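Q: Hi, could you walk me through this one? I'm new to reading structures.
A: Happy to, just ask away.
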Amino acid sequence: MQVLRRGDVGPAVAEIRSTLIALGLLSGNPQDGEVVFDADVEHAVRAFQQQRGLITDGLVGPATYASLRAATYQLGDRPLTYLVSHPMTGDDVAALQERLLELGFDAGRHTGVFDHMTEQALRSFQREYGLIADGICGAETVRALRQLTPKVRGGRPVLLREQEQVRRAGPRLRGKRIVIDPGHGGRDRGVVVGTNSEADLVWDLARRLEGRMQATGMEALLSRGTDQCPPERERARFANEAGADLILSLHVDANASPQATGVATFHYGTGNGTTTSTVGETLAGFIQRELVARTGLSDCRTHGRTWDILVGTRCPAVRVEVGYLTNASDRAKLTDPAFRDTVAEGILVAVKRLYLLGENDQPTGTFTFADLIRHELAKAE
């Protein structure tokens, strides 16, 4: 779709204005006929993006438009069901997931994506309460959901499940399945500066990380080949079908200002603290601290986002933006193979820290690959 911005006019802008008015983010009448993307619309779009864990740029691109459409649905507005090829999304799906969790049915995180896990939880609810277990959330199922008293009040049970899964997995890396997702690929080169492309750099980084993970006994899977660029939802589906314990998405960044520099990590979350992946947030923090300590890159911190690669995975997911290819200093580091080795080691050590749960740990930046291998061998004896 065309990216909409301040100054644009037309029916698409009128739709955006009406949606923002309906959401209470913009004053006016949804039928007032205004078709101008003015300063007030841009301000409302930024407020919406901030609420939804999107990049706050004031532009309405595909991600923001999809989130605006999703925000217009409330539970009961339409029948909900699992569609394999194109999963249903919306605030009504998120409300269904949250309600099922309150009633004690594990629908996973309330991401607003109607996936197979949501369908299973819905069928379980329908069977237990004497409804037709067809996996479709229609009017009768909605009435039952609203009438019943929740079994769980307060707290965040889905997040406790994530933490318990990590604890039960144990401290050893051997046997854990990790999907490494090098961004872009194929004809999509990502950020390109001179002869250097994001796709090539993160592919090389992914292979270095893959080799180190395999040396510890982990099962490392790449989400794409060199000549492929699957959409983020397909990458997330690949991780789900593989039964991954974690997914690590690797990217480098770009900015119109050549002064922009640093490393940032992202996990699933809306950014307001109410919805997040606890394990993903913890792992993002470990990766961020390790890379800052080991590489000298500026600390651009960790952030919650609702990007497809973070929302669509059942396992914790982290996206790493390893420096700015548009910054001369960052670019010099990124194009150095020794630097990419350092980054790969830092990410692997961060994963190890996640599973150590604070036991037998070492200060940030000091845990080496050799230390990690010794720790793995000691646990095996």
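Q: Which residues form one aromatic cluster?
A: F105, F125 and Y129 do. Keep in mind that this is a predicted model, where local features need pLDDT of at least 70 and side-chain atom pairs count only at pLDDT 80 or more, while totals for chains, interfaces and linings use all residues. Residues are numbered from 1 along each chain as its sequence is written, and side-chain values use heavy atoms, with hydrogens and water left out.

Q: And how many aromatic pairs does a search of the whole structure find?
A: Four. Rings of Phe, Tyr and Trp (its six-membered ring) pair if their centres lie within 6.5 Å; planes under 30 degrees apart count as stacked, over 60 as edge-to-face and the rest as tilted.

Q: Is F125 buried or exposed?
A: F125 is buried, with a relative accessible area of 0%. Buried means under 20% relative accessible area, exposed over 50% and partly exposed in between (1.4 Å probe, protein chains only).

Q: What about F125 and Y129, at what angle are their planes?
A: At 35°, with the centres 5.0 Å apart, so that pair is tilted. Y129 is partly exposed, at a relative accessible area of 29%.

Q: New topic: which side chain makes a polar contact with the side chain of D330?
A: That's T261, at 2.8 Å. A polar contact is a pair of N or O atoms within 3.5 Å; within protein, one must be able to donate a hydrogen and the other to accept it, and residues adjacent in sequence count only if both atoms are side-chain atoms.
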